[in-house]
Amino acid sequence: MSAHLPSGRAVRTDRTALALRGLRKMFGDVAAVAGVDLDVQEGEFITLLGPSGSGKTTTLRMIAGFTEQSAGSIEIDGVDVSTVPPHKRDVGMVFQNYALFPHMTSAENIEFPLQMRKVPKAEAKQKVADALKLVKLDSYGPRYPRQMSGGQQQRIALARAVVFQPRLLLMDEPLGALDKKLREALQLEIMHISRQLGATVIYVTHDQEEALVMSDRIAIFHDGKIEQLGSGEDLYERPISLFVADFIGESNILHGKFAGGSVVAELGTWRVGDAAAARASLGADSPAALVVRPERLRLIPRTGDVPAGVNTVDATVTDVLYLGSTRKYELRLANGQGVGVRQQLGGPETTWNPADEVRLAWDVDAGVLVAGRGA
Amino acid sequence: MTDSFRRWNRSLLVVFGVFVIVFLIGPSIVIVPMGFTAGQSLSFPPVGFSLNWYGKMLSDPAWTSGFINSFQVAVCTAVVASVLGTMTALGIARGRFPGKTIANALILSPLVVPVIVIGIGMFSFFVRFKLSGTLVGMVIAHTALSVPYVVVSVSTSLRSMDRNLEMAAANLGANPWRTFRRITLPLIMPGVFAGALFAFLESWDEVVVSIFMTTTKFRTLPVVMWEQVRQVVDPTVAAVATVLLATTTTVLTLALVVRRQTPVR
């Protein structure tokens, strides 16, 4: 099959480049990675996303061979590399702190993996020049790392990691030490370069925006496990758990019990769309949470009819924030819970003021049902 | 309140500094002019100026062979100790084995065990192997004394080195030996070099163990000085001491310069 992944990246084959099977890592009694299964297709860009301590970096280090797994296996191109030392795994890695060799110039740094592979001198020189060109630092070959900015160093590190055409490219929060503007520019550059090379990328970050921008698929890590794996859209629109709903994007979460196709709480009873209910497949009377994104909520007057197919809850406006392209309302429900609403500007709109008593409304299909706390 | 406290501090510092100069540095400086005396006895202040005693030093085979022996021993010690010390520091910093703390303590023990104890022990031990009074025996003895300096110096360099660099090298295809040769060693070289210089110095002015280890055939410079001072006290000793001091100062300065070079990021 010739699949097209969501970002439009053409996958040349449907070969599995990397397969993790029941991967575990124990540090004493603590499971840093508690059973990870993952298949990555050749040419795919996968991001491991999660809070610190969720096991994403440990997983990456096990793939690179820096950390030995306690159980499970790692297959690269169908071969189990679990016992292969790091220098024979043939995977490139980009570190957060660049890890450029300070006593070598950029060109010498990039040439290093080629020397290790005994590439003939002339061919190596050509490859180094090509790699420098790839990261748009053609004339920076003779510079030492300390003579370059953080962004330039990271591009050299990227060139060094891809120059030997590794089977996998691993990136451990490569943009973590850079400022926001540079980070955004490099995100695009890394995407373009990896696409140009058709590289299979495993990217670790705790920055969800970065993950959404760059990835074909995202694996959300939580407590040493992959909580959910899917495209950015999957994760945002159809989170499968409270953790994912809370972690990805802003969300308003209404807690209650699931009963008869609705979430029942003190503040009201809200219908759940059939598709959402089927995905969650919760038992009757089990704790449930209804997730509604800020841009899916509307403010309407308390008086007047409620349209069909819409859920509502009463709220009081506390703050109105003007953010340029959007206006953000902060509101409080009768039980004291805060709720955020984002209104796109530019269309017809009613402006509300603090202390206004309003009604929050959302389409039944805009709510996502997940298991609630204690489920 | 704080002002007067600061002034007190300042004057205490001055007093302390004067004491250091007079009692610590003074005696070693005072010996220098004494070697240039035109008089016949080792005394301060010197009488007149002459190079007689330097001439006597250079013409007496006891001094010259002592100088050559000392230099040979110190250079060999520096080389052997820096190789062993670097390997030891790497093992302690990177290795994982039981009893590491104890091994580390044992390696550093020559720094705290009384030298006289080491001297007596080595003497009785080396005699059995017919190593006392030989270059090899002296180098072994001095190496044991100076390895701790190399270990401390190299360990400091290793601690300031980014471990990710070694992982990056492995990731790029370098086996452990090539990682060491191409990445680790060049980056800890200032520490190795400084350690080698300290090892040289340790051997260069070592007296106690050397006294036990030497025979009439093989004596190092400090031992010759020790024996000379016990027999006749003439200003030649001051001339020799000046040479010893000059060498030490030069090497120490070199070590400090190396230490101050750009540390590894």
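Predicted model: local features only at pLDDT ≥ 70, side-chain atom pairs only at ≥ 80, totals over all residues.
Q: What should I know about the numbering and the model before I start?
A: Residues are numbered from 1 along each chain as its sequence is written, and chains are lettered from A and ligands numbered from 1 in the order in which they are written.

Q: Which domains does the assignment give for chain A?
A: Domain bounds come from an automatic or database domain assignment. Here chain A has domain 1 (16-237) and domain 2 (250-371). Their C-alpha centres lie 40 Å apart.

Q: At what angle do helix H5 and helix H6 of chain B pack?
A: Helices (H or I, at least four residues) and strands (E, at least two) are DSSP runs, numbered from the N terminus. Axes are lines fitted to C-alpha atoms, for helices over the stretch in contact, and angles run from 0 to 180 degrees between N-to-C directions. In chain B, H5 (residues 115-128) and H6 (residues 135-159) pack at about 145°, with axes 12 Å apart.

Q: Which residues of H5(B) and H6(B) meet?
A: Contact means heavy atoms within 4.5 Å. From H5(B) come Ile118(B), Met122(B) and Phe126(B), and they meet Gly137(B), Ile140(B), Ala141(B), Ala144(B) and Leu145(B) of H6(B). This contact has 7 nonpolar, 1 polar and no charged residues. In these classes, Ala, Val, Leu, Ile, Met, Phe, Trp, Tyr, Cys and Pro count as nonpolar, Asp, Glu, Lys and Arg as charged, and the others, Gly among them, as polar.

Q: How much space lies in the largest pocket, and which residues lie nearest its centre?
A: Rolling a probe the size of a water molecule over the atoms shows where empty space is left. On a 1 Å grid over the protein atoms alone, a cavity is a set of points where a 1.4 Å probe fits but cannot get out, and a pocket is an open set with protein on both sides within 12 Å along at least five of seven lines; lining residues have an atom within 4 Å of a point. Grid points are joined across faces, edges and corners, and a volume is the space filled by probe spheres set on the points. The largest pocket holds about 860 Å³. It has 29 lining residues, with Phe66(A), Pro86(A), Arg96(B), Arg163(B) and Met167(B) nearest its centre. Its lining divides into 11 nonpolar, 9 polar and 9 charged residues.

Q: Which residues are closest to the centre of the second largest pocket?
A: About 430 Å³ of space lies in this pocket. Of its 20 lining residues, Val162(A), Gln165(A), Pro166(A), Leu197(A) and Ala199(A) are the closest to its centre. H3(A) gives the largest share of the lining, 4 residues.

Q: How many cavities of 30 Å³ or more does the search find?
A: The whole structure has 2.

Q: Which residues line the second largest cavity?
A: They are Gln154(A), Arg155(A), Leu158(A), Met171(A), Leu186(A) and Ile190(A). H4(A) supplies the largest share, 3 residues.

Methods. Heavy atoms only, no water.
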